[in-house]
Amino acid sequence: MGDFKHLVLVKFKEGVVVDEMLGGMAKLVTELDYVKSFEWGADMVSEETLRQGFTHAFVLTFKSKEDFAAFSSHPKHLEFAPTFASAIENILLFDFNAVLVKPAP
């Protein structure tokens with residue numbers, strides 16, 4: 001079975017300093033070994049009607065669903081979550097076991 005992925009799509013509230021949120025997330029994921037990798041990006045070319053207002057995507061990769069559960073219940077995550085949640089206007093979460101079709105070269 002492949003890695004376990006936690007995909008987060010967000011639209012930040014007006015006036016939120018996105019760099020502060022990104023810094024907080026980067027600090028969190030680097031401090032917790034449960035996170036295998038962390039990637040993020042801002043939408044650059046999608047049509048507004050297709051992205052439905054979401055502006056940023058975050059992908060956290062874990063070795064297993066159990067590692068994700070441990071991360072989710074860790075005190076550092078629980079401490080950061082309200083700060084992140086208060087900055088969000090809209091959010092979509094999707095958690096899944098990844099199926100690798102084409103590995104990176």
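Does histidine 56 count as buried or exposed, and at what relative accessibility? At 12% relative accessibility, histidine 56 counts as buried, because buried means under 20% relative accessible area, exposed means over 50%, and partly exposed lies in between (1.4 Å probe, protein chains only).

This is a predicted model, in which local features need pLDDT of at least 70 and side-chain atom pairs count only at pLDDT 80 or more, while totals for chains, interfaces and linings use all residues. Residues are numbered from 1 along each chain as its sequence is written, and side-chain values use heavy atoms, with hydrogens and water left out.

Histidine 56 belongs to strand 3 (residues 56-62). Helices (H or I, at least four residues) and strands (E, at least two) are DSSP runs, numbered from the N terminus. The side chain of histidine 56 makes a polar contact of 2.8 Å with that of threonine 55. A polar contact is a pair of N or O atoms within 3.5 Å; within protein, one must be able to donate a hydrogen and the other to accept it, and residues adjacent in sequence count only if both atoms are side-chain atoms. Beyond its neighbours within four places in sequence, histidine 56 is in contact (heavy atoms within 4.5 Å) with residues including Val8, Val10, Phe12 and Trp40.

Lysine 5 is located in strand 1 (residues 4-12). Lysine 5 is buried yet has no salt bridge, and the nearest side chain of opposite charge, glutamate 39, is 5.0 Å away. For charge, Lys and Arg count as positive and Asp and Glu as negative, whereas His and the chain ends are not counted. A salt bridge is a side-chain nitrogen of Lys or Arg within 4 Å of a carboxyl oxygen of Asp or Glu. The side chain of lysine 5 does have a polar contact of 3.0 Å with that of threonine 61. When neighbours within four places in sequence are set aside, the contacts of lysine 5 include Val59, Thr61, Phe94 and Asp95.

## Salt bridges

Side chains of opposite charge can pair when their charged atoms come close. The structure holds 4 salt bridges, and the table presents some of them.

| Salt bridge | N to O distance |
|---|---|
| Aspartate 3 and lysine 36 | 2.9 Å |
| Glutamate 31 and lysine 27 | 2.7 Å |
| Glutamate 31 and lysine 76 | 3.3 Å |

Aspartate 3 lies in the segment before strand 1 and lysine 36 in strand 2 (residues 35-42), so this pair ties together parts that are 33 residues apart in sequence. Aspartate 3 is partly exposed at 23%, and lysine 36 is partly exposed at 48% relative accessibility.

Glutamate 31 and lysine 27 are 4 residues apart in helix 1 (residues 18-31) and are therefore separated by about one helical turn. Glutamate 31 is partly exposed, with a relative accessible area of 34%, whereas lysine 27 counts as exposed at 51%. Lys27, Glu31 and Lys76 are linked in a network of salt bridges.

## Packing of two helices

Helix 3 (residues 65-73) and helix 4 (residues 75-86) pack at an angle of about 60°, with their axes 5 Å apart. The contact is made by Phe71, Ser72 and Ser73 of helix 3 and by Pro75, His77 and Leu78 of helix 4. Axes are lines fitted to C-alpha atoms, for helices over the stretch in contact, and angles run from 0 to 180 degrees between N-to-C directions. Helix 3 and helix 4 are therefore oblique to each other, since angles under 35 degrees count as roughly parallel, over 145 as roughly antiparallel, 65 to 115 as roughly perpendicular and the rest as oblique.
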